[in-house]
Amino acid sequence: MADVDMAQNSGTTAETDNDWVRVMSDDGYSFLVRRSVANASETMRDMLDTAGNYAEAIARTCPVSQRAVIVEKLLEYMSFKAYYEKAGPKEEVPVQEFMERIPPEIVLELLLAADYQNM
Amino acid sequence: MCSDSNRASNTHISLQKPPRRHGPDVSIEQTWRDLSNNIREIQNHNAPNLSFEENHRFAYNMVLHKQGEMLYKGVNQLVAENLDHLAATQVIPAYPSGSSDETVQGQEAEILLKALRNIWDDHTSNMERLGQILKYMDRVYAKAADVPVIWDAGLNLFLKHIIRPPIKDHLVAAILKQIQVERDGYVVNKSAIKGCVDVFITLEDANGLSVYKRDVEPAVLRESQTFYDLEGRQLLQTCDAPEYLRRAEARFESEDSRTHHYLSRNTAPALKQILQDKLLTPHLSTVISMETSGIDAMIDLNKTSDMARLYRLFIMVPAGLPCLKRSLKDSVRRRGEAINQASSGMESGGAENVKARATSGAQTLALALKWVQDVLDLKDLFDRIWRDAFSSDRELESNLNEAFENFINLNQRSSESIALFIDDHLKRGLKGKTDTEVDLVLDKTITVFRFITEKDVFERYYKGHLAKRLLQGRSVSDDAERGMLAKLKVECGYQFTQKLEGMFNDMRISEDTMKAYRTHLSKTVAPQIDISVTVMTSTFWPMAHSASPCTLPLELIQASKSFEQFYLSQHSGRRLTWQPSLGSADVRVAFKTKKHDLNVATFALVILLLFENLGPGDFLTYEEIKQATSIEDSDLQRQLQSLACAKYKVLKKHPAGREVDPTDSFSFNADFTAPLQKIKISTVSSKVESGEERKETQDRIDEERRHQTEASIVRVMKDRKHMTHNDLVNEVTRQLAVRFLPNPLNIKKRIENLIEREYLERCDDRKSYNYMVSVGDS
């Protein structure tokens with residue numbers, strides 16, 4: 001049960017509404033990420049939305065019904081997205097590199113999860 | 001650290017074998033039962049106790065397993081039920097009780113509006129939450145099935161279940177009620193109305209038309225129309241003009257702020273239009289012409305702010321400015337006619353009473369001056385109003401100018417009066433006034449001068465006055481004279497002032513000539529009397545070409561001959577004609593008590609010299625004097641009057657009286673006494689022309705105009721060679737307009753005259769003319 005900090009990149013711009021939230025895999029792993037990273041998934045964003053104010057938003061915890069390995073990859077992509085979203089048009093986004101880091105065995109599972117997470 | 005609320009649990013599968021799912025783990029019916037329970041909980045504001053993930057997954061699973069329609073319809077059903085529930089518990093109890101008390105009605109309306117806003121807020125926050133958990137349905141099912149996303153479906157349901165009769169009618173009535181209450185001058189809860197109106201603006205029907213636009217706005221406008229129709233008529237009965245305008249403007253402001261604060265900004269133009277149609281357009285002329293408080297009264301009482309308001313309101317509507325223009329024009333015309341009346345009314349009385357001519361002359365002069373002063377004051381007044389109240393509106397300026405032009409030209413003596421006014425100021429106006437003040441007055445006079453159409457008449461009078469001022473040395477300041485000349489030059493161009501400048505030139509040259517003459521005299525034998533001569537170029541000066549006859553005494557003849565010789569020796573080929581009628585003389589007269597130095601006109605001197613060698617009791621009859629001097633009757637009478645009937649009675653008239661008759665006789669008044677050593681006996685002059693003189697002037701002007709018209713016709717035809725009658729008349733009119741307003745009939749006469757004299761020939765088409773090249777030209 002290791003807390004993995006996935007948000008080193010965006011950690012430099014800690015704002016008041018950019019607090020830490022917890023993402024849980026269904027096999028019990030727990031990840032701490034910045035809210036801005038969680039917001040890369042629309043489903044997570046709605047889940048944590050204080051206006052909707054569901055139980056998850058109060059607990060600031062998002063359960064994801066996937067294995068840790070999938071959640072980890074999701075969050076890696078979300079960090080990647082959150083980071084490069086602000087990139088200028090001239091900056092090169094290393095999409096290819098990222099793709100190479102996805103093991104083919106989990107691709108299908110990852111795809112379903114991504115669809116569910118609406119990102 | 002675990003979240004086992006997930007029903008769709010995955011078995012732990014190794015990385016090498018990804019899991020596959022087949023069908024739902026739980027039955028769809030069960031899923032929907034759970035989800036619909038949760039949705040009801042959400043509608044009861046219990047979302048914090050619910051898991052987002054769980055409900056999201058329910059909806060996700062239903063859509064994923066092709067049950068999107070069931071989900072969609074089910075949610076719609078739940079929302080509709082909830083709305084009906086809200087309507088029944090919150091809106092319907094807030095229906096008005098039907099009380100007749102105004103205050104109660106207002107309060108009830110406010111409560112109803114607030115209730116609607118409450119359930120709207122409730123509904124929208126519910127829909128927001130539902131939208132979040134049903135996002136997958138919106139994304140996948142709604143798109144595929146071509147139905148609106150759940151948020152929009154929620155709006156439609158709100159429209160159908162809440163904004164329906166009779167709820168809608170009650171709501172609209174409540175809004176109207178609140179507006180009415182506020183229009184009656186009470187305070188209403190604006191935020192309550194705004195809350196409700198905002199809902200109406202947000203909701204759109206199938207055609208994309210907002211409910212506000214469809215149901216609320218027309219009702220508001222209808223209501224406003226009747227309200228302001230009545231209001232306008234009531235105000236008209238109870239208020240005077242300034243009050244009416246004040247109220248109207250306040251209405252404009254309040255309606256504007258109404259649309260700003262709780263109605264839509266888009267309603268503002270329509271409301272403004274109603275205000276204009278009901279409060280302004282139909283009542284414009286009534287308000288502006290109100291007997292004791294309309295525009296005239298405002299002008300009289302100098303109510304600048306009221307007039308400024310009137311202007312602001314009037315320019316809003318198309319009929320306003322013309323109405324204002326008409327009223328202003330009327331006002332100027334009426335005031336102008338009063339001024340004209342005042343100056344002409346007295347005069348006609350004076351003209352009948354020919355015997356009191358001396359006094360009436362002074363009186364008419366005073367009237368002429370008063371006329372100009374009044375016109376200037378009036379112009380000042382309207383200029384000030386125009387500047388302060390009418391924002392210097394260009395259209396109004398030309399309108400006012402036109403009005404001034406009209407009444408000024410109605411007065412046939414306007415040119416003469418203005419010339420007199422200027423004369424008066426240049427002659428003695430400088431006393432007690434600084435140069436700048438006089439300059440200011442003259443500047444203003446020029447603005448009035450601008451309105452005169454018959455500028456040539458003015459020129460004629462001005463020239464006469466200028467000549468007298470120059471010759472009699474009565475012009476106080478040379479600078480002022482030249483300043484005035486410069487102003488006229490700017491107004492009417494070089495031609496207009498050419499002759500006037502020539503007169504100034506003559507004066508200067510004459511001075512030089514006199515110096516040379518004096519040097520000449522010091523070398524030769526000087527005649528007995530010292531004379532000073534002004535040589536005037538006959539074309540520049542407005543004097544009669546043939547001198548008025550006068551038999552000069554020997555001494556004077558000698559002196560004038562001496563100068564004549566000197567002058568002609570210097571300038572050959574010139575002819576000098578003496579104009580004794582314009583001269584003056586200094587003479588020392590011995591009376592019984594002491595000697596006095598008299599300054600008299602040359603004619604008066606000639607008359608006085610007749611008495612030089614008479615005994616103390618001797619008489620000369622009028623006839624004798626006339627024979628001896630051969631001065632014309634009119635001049636003679638004036639001179640005798642100045643000597644015998646004016647302030648200083650150097651001669652005695654028998655019988656005594658103010659007027660001189662051909663049967664009178666005169667004797668020298670040796671008993672004459674006066675406190676001053678030097679006495680100036682000015683000739684009694686009729687400064688304002690008498691009827692005959694005026695007719696003569698008019699004849700001369702007519703003649704001059706004939707010449708000018710002919711000259712203009714020839715100029716134009718020489719240039720164009722061939723021209724149609726109408727074009728020619730237009731062109732000539734245009735050219736002459738600077739000096740006077742020619743009558744087309746007169747132009748036609750001139751053309752005919754020119755044809756007779758073979759300058760022009762009529763063409764065969766009978767409509768145009770050819771210029772006949774004269775022998776000299778070819």
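Two strands count as paired if DSSP finds at least two bridges between them. Helices (H or I, at least four residues) and strands (E, at least two) are themselves DSSP runs, numbered from the N terminus. The model is predicted: local features need pLDDT of at least 70 and side-chain atom pairs count only at pLDDT 80 or more, while totals for chains, interfaces and linings use all residues. Residues are numbered from 1 along each chain as its sequence is written, chains are lettered from A and ligands numbered from 1 in the order in which they are written, and side-chain values use heavy atoms, with hydrogens and water left out.

Chain B contains 29 helices and 9 strands. Of its 778 residues, 47% are buried, meaning under 20% relative accessible area, against over 50% for exposed and partly exposed in between (1.4 Å probe, protein chains only). Chain B exposes about 40100 Å², of which carbon and sulfur atoms supply 50%; such areas come from the Shrake-Rupley method with a 1.4 Å probe, and for residues only the protein chains shown count as cover. Among contacts (heavy atoms within 4.5 Å) in chain B with a separation of 6 or more, 70% link residues 24 or more positions apart.

In chain B, 3 strands make an open antiparallel sheet in the order β7-β9-β8. From one strand to the next the twist averages 25°. Strands of a sheet pair through backbone hydrogen bonds, either parallel or antiparallel. Between β8(B) and β9 (residues 768-771) of chain B there are 3 bridges, and the two strands run antiparallel. B:R762 is placed opposite B:Y769 of β9(B).

Two helices lie across these strands. Helix α29 (residues 744-756) of chain B lies across β8 and β9 of chain B, at about 100° to β8(B). For these angles, axes are lines fitted to C-alpha atoms, for helices over the stretch in contact, and angles run from 0 to 180 degrees between N-to-C directions.

Elsewhere in chain B, helix α19 (residues 435-451) has 17 residues and spans 25 Å from its first C-alpha to its last, close to the expected 24 Å; the expected span is 1.5 Å times one less than the number of residues. Buried residues of α19(B) include B:V438, B:L442, B:F449 and B:F451.

Helix α18 (residues 414-429) of chain B holds B:S417. B:S417 is buried, with a relative accessible area of 5%. Beyond its neighbours within four places in sequence, B:S417 contacts B:A368, B:W371 and B:V372.
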